[in-house]
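Open the model in your viewer and keep the selection tool at hand. This tour says what to select at each stop and what is there.

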Amino acid sequence: MEQKLKDLQGEALAKIEQAEDLKSLNDVRVAYLGKKGPITEVLRGMGQLSAEERPKMGALANEVREVISKQIELKSEALEKAAVEKQLAEETIDVTLPGRPVKVGNHHPLTRIVEEIENFFIGMGYTIAEGPEVEKDYYNFEALNLPKGHPARDMQDSFYITEDILLRTHTSPVQARTMEKHEGKGPVKIICPGKVYRRDNDDATHSHQFMQIEGLVVDENITMGDLKGTLEVFAKKMFGAERQIRLRPSFFPFTEPSVEVDVSCFSCGGEGCNVCKKTGWIEMLGAGMVHPNVLQMAGFDSTKYTGFAFGIGAERIAMLKYGIDDIRHLYTNDTRFLKQFSVHE
Ligand code: 2U9
C-alpha cells in the first residue's frame, strides 16, 4: 500500500508538471484528489490493515494528498502568472503611434446662415421669438391684413389642415402673436426664424418647405430711415463691408409702403456679371413699414406707434453666399455636398 501511494504521488506530480493550462490542472486535481480518486480508494482499503499499520498508512496518505495539493497550488499560481504576462505582452500599446483621426461633423449650411443672421440681430438688441408651425388662419392671414377672400392669399398657396388651421406660410404670425402679448405697449424688437410651408412644386429655386427669418420693430418714432440703416448694416455684415443697398417699391398686404431690398453685387462690385445678371444688384429681401391695420389689429395705437418689418429667405441668402445653384441641395443631405461646409480640414 505504501508503494502504491508513492507511485500515485509520482504519477500525479508528473501530470501536474505537464499541465499547460488551468483547465488541465483542474482535471488532474479532480482525478487524484476527488472523492472517486485513487487516494480515496486506497484509504477505503485501510480496513484490511493491522491496527499498527493503519495510522502509518493514514499519515502517509494525508502527506501524499498535501504534497499533491501544494504542487497543484504552486503550478496554478505559475500558470496564472504566465497567462497575465502573456496577455500583457499581447496588449502592449505603442504610445508613439499616431492617433486615428476622429471624424467630426459640421453644421448644415442653412444652420450656419440662420445662426449668423440671428447673432447679427441679437447684437443689435433684438430677441428671438418662436411660434407654432401649425397655425390659425387668423394669425397667418387675418391679423396681417389679409382678410378671407383677399386676392393676395392666392400669392401664398397654403397647406390647409382644416378650414381654419394651416401650415404657416410665413413666420409673420409669430410677430402678430408677440405684438398681441405686448398689449399695445412698445417697444417690440424681435426676429422670428422658422420653417414655413407653401404649396409650390419643388425646383431649383422653390421648395414647399423653407426657412424664413422675419424681423419686426415697433415703437414710437420708428421710420423708414431706421429700416434702411438696419438693412444696410445687415447687407455689409453678410456680403462684405463694401456693399450698398437700394430700395425698390413693392407691395405686401402687411406693410405700407413696401420695398424690395437689393444688395450691390458681391461678385463684380456692381459692374455687372453673371451672378447679378449684368444688373450690378442682387435681390436680398422684402421689407416695409408695418401697415396701420396690422398695428391696430394687434392692439397698438397706430397714431402713436409705427414699425418696420422685413422678411429674409434663409435659403436664398445661403445660395447667394455659398454659390449654391439648386435649393434642393439644402434638403437632400448628400454628405459630399454637406462636407464642403466643414470648418475642419
Ligand atoms: C408683421 C408685420 C409685417 C414681414 C415682411 C416681407 C416683407 C417679405 C419675403 C422675403 C422672402 C418672404 O421668404 S420670402 O419669400 N418676405 O418680403 N416680409 S415685410 O412683414 C411683417 C410681418 C409681421 C406683424
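Start by selecting His-291 and Asn-293: a polar atom of the His-291 side chain lies 3.0 Å from the backbone nitrogen of Asn-293. The model you are looking at is predicted.

Stay on His-291. Is His-291 buried or exposed? His-291 has a relative accessible area of 17%, and buried means under 20%, so His-291 counts as buried. Leaving aside residues up to four places away in sequence, His-291 touches Asn-145, Pro-253, Phe-254, Thr-255 and Glu-256.

Select Glu-256 next, from that list of contacts. The UniProt annotation "binding site", from an unreviewed entry, covers Glu-256. Glu-256 sits in strand 7, which runs over residues 255-264. Its contacts, again without residues up to four places away in sequence, are Met-289 and His-291. Glu-256 has 47% relative accessibility and therefore counts as partly exposed.

What kind of peptide bond joins Glu-256 and Pro-257? The bond is cis, with omega about -5 degrees. Pro-257 also lies in strand 7. For background, most peptide bonds are trans.

Another cis bond can be found by selecting Gly-186 and Pro-187, where omega is near -5 degrees. Pro-187 is in the loop between helix 7 (172-181) and strand 4 (188-197).

The next two stops concern the backbone angle phi. Most residues other than glycine have a negative phi. Select Lys-277, where phi is positive, near 50 degrees, in a residue other than glycine. Lys-277 belongs to the loop between strand 7 and strand 8. With 69% relative accessibility, Lys-277 counts as exposed.

Then go to Asn-333, which is not a glycine either but has a positive phi of about 55 degrees. Look for Asn-333 in the loop between helix 10 (314-322) and helix 11 (335-338). Asn-333 is partly exposed, at 48% relative accessibility.

Now turn to the aromatic rings. How many aromatic pairs does a search of the whole structure find? The search gives 12. One to display is Phe-337 with Phe-341: the ring centres are 5.1 Å apart and the planes stand at 65 degrees, so the pair is edge-to-face. Both partners are buried, Phe-337 at 11% relative accessibility and Phe-341 with a relative accessible area of 8%.

Select Phe-120, Phe-121, Tyr-126, Phe-234, Phe-308 and Phe-310 together to see one aromatic cluster. After that, show Tyr-139 with Arg-177. Arg-177 lies over the face of the Tyr-139 ring, 4.2 Å from the ring centre.

Finish by zooming out and colouring by domain. The domain assignment gives domain 1 as residues 2-90 and domain 2 as residues 110-338. How far apart are the C-alpha centres of domain 1 and domain 2? The two centres lie 90 Å apart.

Key:
Residues are numbered from 1 along each chain as its sequence is written. This is a predicted model: local features need pLDDT of at least 70, side-chain atom pairs count only at pLDDT 80 or more; totals for chains, interfaces and linings use all residues. Side-chain values use heavy atoms; hydrogens and water are left out. Domain bounds come from an automatic or database domain assignment. UniProt positions are given in the numbering used here, feature names are shortened, and annotations may be inferred rather than shown by experiment. Helices (H or I, at least four residues) and strands (E, at least two) are DSSP runs, numbered from the N terminus. Buried means under 20% relative accessible area, exposed over 50%, partly exposed in between (1.4 Å probe, protein chains only). Contact means heavy atoms within 4.5 Å. Rings of Phe, Tyr and Trp (its six-membered ring) pair if their centres lie within 6.5 Å; planes under 30 degrees apart count as stacked, over 60 as edge-to-face and the rest as tilted. A charge sits over a ring if NZ of Lys or CZ of Arg is within 6 Å of the ring centre and within 35 degrees of the ring normal. A polar contact is a pair of N or O atoms within 3.5 Å; within protein, one must be able to donate a hydrogen and the other to accept it, and residues adjacent in sequence count only if both atoms are side-chain atoms.
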